[in-house]
Amino acid sequence: MAAMRLIAVGDNCLDVYLSKNSMAVGGNALNVAAQWHRQGCDARYFGVVGKDAEGDVIATAIEAVGLPGADLERRDGPTAVTLLLEQDGDRRFLLEDLGVGRDYVPSPERYAALRRADWVHLGTNSSAELIERLIEDRIRFSIDVSTAHQLLALKGVPLVFASGPDEPHVPVEPVIGALRERGAARIVLTCGPRGAFFDDGARLVHVPAQAVDVVDTCGAGDSFIATFIVAHLLKGMDADAAMRLATDAAAGTCLHEGGFPQRLTAIPPWLLRKYADEISAAEG
């Protein structure tokens, strides 16, 4: 049986943990592609970084994880960077620069590959133009809207992933209902320690999160997404079982730093100098 051809498109990011003096490479689309590759799928990642040192770091990590490096585009402009501080398990975002990857649309050659794929996943901050083209061409795809539930029209999107409330007393039905009103056909709502919910219009499935000794929650939802797509949509596993398998994958990601296993590196002096004003303003 041929390996499933899966392509994740969109965001990547250099996560800079100032409180740990370390950097990790991630981003929803890149994390999903990396997890697909780890599962033995024929996975590719289409995205763009700048022609800068930050882009070099991401390019190196992409090849190290086993994804085709030639799929990464380099353009003039800054690479996406997030500056973070961690305290008592909470993350504080000092800077979120989406860089040249904002509203990324693949080249015609890369778009032709999307037509041949078994599934396409769009990361956060995806282009409305790209979404419309995928719908028009009847390409099987999903999108992660994260917490930006109101930014995109979702009519015709086969599967929508979104972040939901993690407080147990807050109902998820209004959130799911709002996404359905925007056109979403099937919805997965990931709610952190509360677990995840799947709604296909006929029933609502809930699977609680696993209790683990968390090292880092970054990328846990992306591991969930990658696993659920393969298990439920491509292998035909029923939603309940696929949700449990995806929850196992998310729990495993919480046991290591970064959205996929990688060697974290120390923050280089040139990057600290580059963002010295932003760091001083946030810490002051």
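Which element supplies the largest share of the lining of the second largest pocket? I opened the predicted model with this question in mind.

**Entry 1: the second largest pocket.** I found that H2 gives the largest share of the lining, 4 residues. Strand S3 (22-26) and H2 each contribute at least two residues to this lining. I noted a volume of about 230 Å³ for the second largest pocket. The pocket is lined by 14 residues, and those closest to its centre are Ala61, Ala64, Gln262, Arg263 and Thr265.

**Entry 2: Asp52.** I next looked up Asp52, which sits in the loop between strand S4 (42-50) and helix H2 (53-64). Asp52 is buried, yet I found no salt bridge for this residue. The nearest side chain of opposite charge is that of Lys274, 4.4 Å away; the cut-off for a salt bridge is 4 Å. Leaving aside residues up to four places away in sequence, I listed Arg74, Gly77, Pro78, Thr79 and Lys274 as the contacts of Asp52.

**Entry 3: helix H1.** I asked why H1 can be called largely enclosed by the rest of the structure. The reason is that 9 of the 11 residues of this helix (residues 28-38) are buried. I recorded the buried residues as Asn28, Ala29, Leu30, Asn31, Val32, Ala33, Ala34, Gln35 and Trp36. Just after H1, I noted that Gly40 adopts a positive phi of about 90 degrees.

Notes:
Residues numbered from 1 in each chain as written. Predicted model: local features only at pLDDT ≥ 70, side-chain atom pairs only at ≥ 80, totals over all residues. Heavy atoms only, no water. Buried < 20%, exposed > 50% of the residue type's maximum accessible area, 1.4 Å probe, protein only. Lys, Arg positive; Asp, Glu negative; His and termini not counted. Contact = heavy atoms within 4.5 Å. 1 Å grid on protein atoms, 1.4 Å probe; cavity = no way out; pocket = protein on both sides within 12 Å on 5 of 7 lines; lining within 4 Å. Points joined across faces, edges and corners; volume = space filled by probe spheres on them.
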